Amino acid sequence: MLAWVIRCLLLLAAPIAALFVSRDALNFGIIEMLIAIMLMVGVVMAAAAWTLWRTRSATGHSRN
């Protein structure tokens, strides 16, 4: 299951990395992994924000 998540992230990260670095470059794998990690951090932050938003809206609490 985790391998599928990693594979999907690398599938998304490869074209993004190709915008910055040639696929033939020696550091393409490193750049691809860096972008995959950034995508994973973004997904985790979005999930945390979604959970926080749902918790606040369900209880009726607001920041004000």
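The model is predicted, and its chain has two helices and zero strands. With a radius of gyration of 17 Å, well over the 11 Å that the globule rule gives for 64 residues, the chain is more spread out than a compact globule. Buried residues account for 14% of the 64 residues, and the largest nonpolar core has seven residues.

**Overall shape and surface**

- Taken along the principal axes, the box filled by the C-alpha atoms of the chain is roughly 55 × 30 × 15 Å.
- The accessible surface of the chain comes to about 5500 Å², and carbon and sulfur atoms contribute 72% of that surface.
- Helix α2 has 32 residues and spans 47 Å between its first and last C-alpha atoms, which is close to the 46 Å expected at 1.5 Å a residue.

**The largest nonpolar core**

- The members of the largest nonpolar core are Leu9, Ala13, Ala14, Ala17, Phe28, Ile35 and Ala36.
- Two elements, α1 (2–20) and α2 (28–59), each give two or more residues to this core, and α1 gives the most, with four residues.
- Within α2, the buried residues are Phe28, Glu32, Ile35 and Ala36, and α1 is included in what covers the buried residues of this helix.
- When residues up to four places away in sequence are not counted, Ile35 touches Ala13, Ile16, Ala17 and Phe20.

**Phe28**

- Phe28 is found in helix α2, and because its relative accessibility is 10%, under the 20% limit, it counts as buried.
- Leaving aside neighbours within four places in sequence, the contacts of Phe28 are Ala14, Ala17, Ala18, Val21, Ser22 and Arg23.
- Phe28 and Leu52 are 24 residues apart along the chain, and their C-alpha atoms are separated by 36 Å.

**Leu10**

- Leu10 has its place in helix α1, and at 25% relative accessibility it falls between the 20% and 50% limits and therefore counts as partly exposed.
- Not counting residues up to four places away in sequence, Leu10 touches Glu32, Met33 and Ala36; of these contacts, Glu32 and Ala36 are among the buried residues of α2.
- Leu10 and Leu34 are likewise 24 residues apart along the chain, with their C-alpha atoms separated by 9.9 Å.

**The tryptophan pair**

- The structure holds one aromatic pair, formed by Trp50 and Trp53, whose ring centres lie 5.2 Å apart and whose planes meet at 40 degrees, so the pair is tilted.
- Trp50 and Trp53 both belong to helix α2, where they are three residues apart, about one turn of the helix.
- Trp53 has a relative accessibility of 52%, over the 50% limit, and so counts as exposed.

Conventions: Residues are numbered from 1 along each chain as its sequence is written. This is a predicted model: local features need pLDDT of at least 70, side-chain atom pairs count only at pLDDT 80 or more; totals for chains, interfaces and linings use all residues. Side-chain values use heavy atoms; hydrogens and water are left out. A nonpolar core is a set of buried Ala, Val, Leu, Ile, Met, Phe, Trp, Tyr and Cys residues joined through side-chain atoms within 4.5 Å. Buried means under 20% relative accessible area, exposed over 50%, partly exposed in between (1.4 Å probe, protein chains only). Contact means heavy atoms within 4.5 Å. The radius of gyration is taken over C-alpha atoms; the globule rule is 2.2 Å times the number of residues to the power 0.38. Accessible areas come from the Shrake-Rupley method with a 1.4 Å probe; for residues, only the protein chains shown count as cover. The expected span of a helix is 1.5 Å times one less than its number of residues. Rings of Phe, Tyr and Trp (its six-membered ring) pair if their centres lie within 6.5 Å; planes under 30 degrees apart count as stacked, over 60 as edge-to-face and the rest as tilted.
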